[in-house]
Amino acid sequence: MTTNDSGSAPKPPAKDPWDLPDVSGLTVGVIGGTGPQGRGLAYRLARAGQKVVIGSRAADRAETAAAELGHGVEGAENAACARRSDIVIVAVPWDGHGPTLESLREELAGKIVVDCVNPLGFDKKGAYALKPEEGSAAEQAAALLPGSRVTAAFHHLSAVLLQDESVEKIDTDVLVLGEARADTDIVQALANRIPGMRGVFAGRLRNAHQVESLVANLISVNRRYKAHAGLRTTDV
């Protein structure tokens, strides 16, 4: 007797991992959008046609940075930025990560939050990874934002390349982590909007620490080779 003969429904075909949603109509907020990484991501996404709002603790500072970036980027105070956005990228310095997210818990409820913060320390030997009590910056975000859909991505990008208007393509993969595949699919699709980039699913948030930590190694690579190194994942 076959499975179908027994009355069981046949298994649906496996979903193509590269079949990603259309995110072109979503508004992306960038908390920390006046810093190098935030400005770079805002610029690249807006240049690709995404609606972008950058946030800062001071609205006038965000508005000034938005005017400098062009491409329709708007600036707002952090809370307003979060409220106006469908997806919110967190690109603040590590030492302000916890307090910033805690202050925006209400505004970020129900949103996809993309944490790209790398907890790092620096000494005479160079950069080294820090391990937060929660395990990673992304896990700290998840703990502080229980009503949000927290993901992690965009850790390994050079702020210099992102902001360089003469660079047409950013040739790199973006490792995306999260608990819900629907959410990581959206973040992968967002990464794919930037020419040269490709979003690649890389596991759940419990694996975020090693992804964040790898930035310390890339800093060492860049210093030795005078480069702006990124990552490529082979055979996928």
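The model is predicted. That bridge belongs to the pairing of strand 9 (residues 172–178) with strand 10, which is parallel and spans 5 bridges. On another flank, strand 9 pairs with strand 8 in the antiparallel sense, over 2 bridges. There, glycine 178 in strand 9 is the bridge partner of threonine 151.

Now widen the view. The open sheet has 8 strands in the order 3-2-1-4-5-8-9-10, and its pairing is mixed. Strand 3 (74–77) and strand 10 (197–201) stand at the edges; each has a single partner strand, so one side of each lacks a neighbour in the sheet. Neighbouring strands are turned against each other by 30° on average, direction ignored.

Back to strand 9. How many of its residues are buried? The count is 7 of 7. In a regular strand, side chains alternate between the two faces of the sheet. Here Thr172, Val174, Val176 and Gly178 point one way, while Asp173, Leu175 and Leu177 point the other way. All of them are buried.

Next come the helices. Strand 9, helix 8 and strand 10 make a right-handed β-α-β unit. Helix 8 (residues 181–192) runs at about 165° to strand 10. This helix lies across strands 1, 4, 5, 8, 9 and 10.

Helix 6 (residues 137–144) is mostly covered, with 6 of its 8 residues buried. These are Ala137, Ala138, Glu139, Gln140, Ala141 and Leu144. Their cover includes helix 4 (97–103), helix 5 (105–108) and helix 9 (208–225), along with strand 5 and strand 8.

How values were computed: Residues numbered from 1 in each chain as written. Predicted model: local features only at pLDDT ≥ 70, side-chain atom pairs only at ≥ 80, totals over all residues. Heavy atoms only, no water. Pairing = 2+ DSSP bridges. Helix = DSSP H or I, 4+ residues; strand = E, 2+ residues; numbered from the N terminus. Axes fitted to C-alpha atoms, helices over the stretch in contact; angles between N-to-C directions. Contact = heavy atoms within 4.5 Å. Buried < 20%, exposed > 50% of the residue type's maximum accessible area, 1.4 Å probe, protein only. Right-handed = clockwise from strand over helix to strand, strands pointing away.
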